[in-house]
Amino acid sequence: MELFTVEDLPLIQKGDDIAAMICERTELEDHDCVVIASTIVAKAEGAMVLKSAVVPSERAMNIAKRLGKEPALVQAVLDRSANVIVEFPLLLVENLNGHVSINAGIDDSNVEDNYFLELPHDPDASAKAIGEEIANICGRDVSVIITDTNGRAFKIGQTGVAVGAYHMHPIRNWRGEKDLFGKELEITEEAVADEVSSAANLLMGEAAGGYPVVIVRGYEHHTTDDVSVKEMYRPENEDIIRKGLRCLRQ
Ligand code: GDP
Ligand code: MN
Ligand code: MN
Ligand code: MN
């Protein structure tokens, strides 16, 4: 397995054709996985919010005051949230797409001053559009994973996680396969899209590196099925962590 960056990508602007930019700079092969930072997908799609144009509600102002955050940021987060899971000491939400993260993935890093950058509004659709466009331009059947850097419960340190997928099932099911001693595995489902995202994130970095696209070659988990990162989202009624957090709030 081999991972490498796409070199010389410019600062991405609204309307940029990310698929074309990748094809111009890389010799892709069939079943490569093209891993793309959500940041540049959001920029290309114009998923940005002018800070001064946000009008914070009373609720946003109250949450912001408690958190010591900008009211405009809190409002931008609420605008992209289906569910606020924790309000304090951090703002943990389920966004409109079902992804659970701090601040709905909204921040102002690696974007022009005065703007918040949102996550792409439908990252599976973005991944599909880019994957199909790559097939059109260079005739290669690739998978696409869109990533964001997220924190984790219980542990210090952020990692890359998948927020959108195309041509790669986010989960690899090991159930029914035999271990070294012939015992059948009963539980293990491997979150391969998150693992691929973390690996790619090692090359992306978080700061001014300018490497928002990483190609993963030689990891065979390609499919032509319709896929979605939602395959990884635990149904709310089976989620004991959410239940626990709800109990704490009461
Ligand atoms: P996120 O994890 O999706 O929030 O993305 P980050 O903000 O951590 O950026 C990941 C990588 O992409 C870093 O190497 C950034 O320098 C790079 N990056 C972000 N925006 C751009 C851009 O517009 N153009 C280029 N070439 N690189 C970018
Ligand atoms: Mn960022
Ligand atoms: Mn981010
Ligand atoms: Mn990042």
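Trainee: Which residue in β6 does Glu94 stand opposite?
Mentor: Glu94 faces Val100. Keep in mind that this is a predicted model.

Trainee: What makes β5 and β6 a pair?
Mentor: Pairing requires at least two bridges between the strands. β5, residues 92–95, and β6 share three bridges, in the antiparallel sense. Three meets the cut-off of at least two, so they count as paired.

Trainee: How many strands form the open sheet, and in what order?
Mentor: Three strands form the sheet, in the order β4-β5-β6. The pairing is antiparallel.

Trainee: Why are β4 and β6 called edge strands?
Mentor: Each of them pairs on one side only. β4 covers 81–86 and β6 covers 100–102. From one strand to the next, the twist averages 30°.

Trainee: Where are the domains of the protein chain?
Mentor: Domain 1 takes in 1–45 + 122–245, and domain 2 takes in 48–118. Their C-alpha centres lie 24 Å apart.

Trainee: How do you know that domain 1 and domain 2 are in contact?
Mentor: Two residues are in contact if their C-beta atoms lie within 7 Å. By that cut-off, 14 residues of domain 1 are in contact with 13 residues of domain 2, so the domains do touch.

Trainee: Which elements supply at least two residues each to the side of domain 1 that touches domain 2?
Mentor: They are α2 (38–45), β8 (143–150) and α7 (240–249). The largest share, four residues, comes from α2.

Trainee: What classes of residue does that side of domain 1 have?
Mentor: It has five nonpolar, four polar and five charged residues.

Note on methods:
Residues numbered from 1 in each chain as written. Chains lettered and ligands numbered in written order. Predicted model: local features only at pLDDT ≥ 70, side-chain atom pairs only at ≥ 80, totals over all residues. Axes fitted to C-alpha atoms, helices over the stretch in contact; angles between N-to-C directions. Domains from an automatic or database assignment. Nonpolar A, V, L, I, M, F, W, Y, C, P; charged D, E, K, R; others polar.
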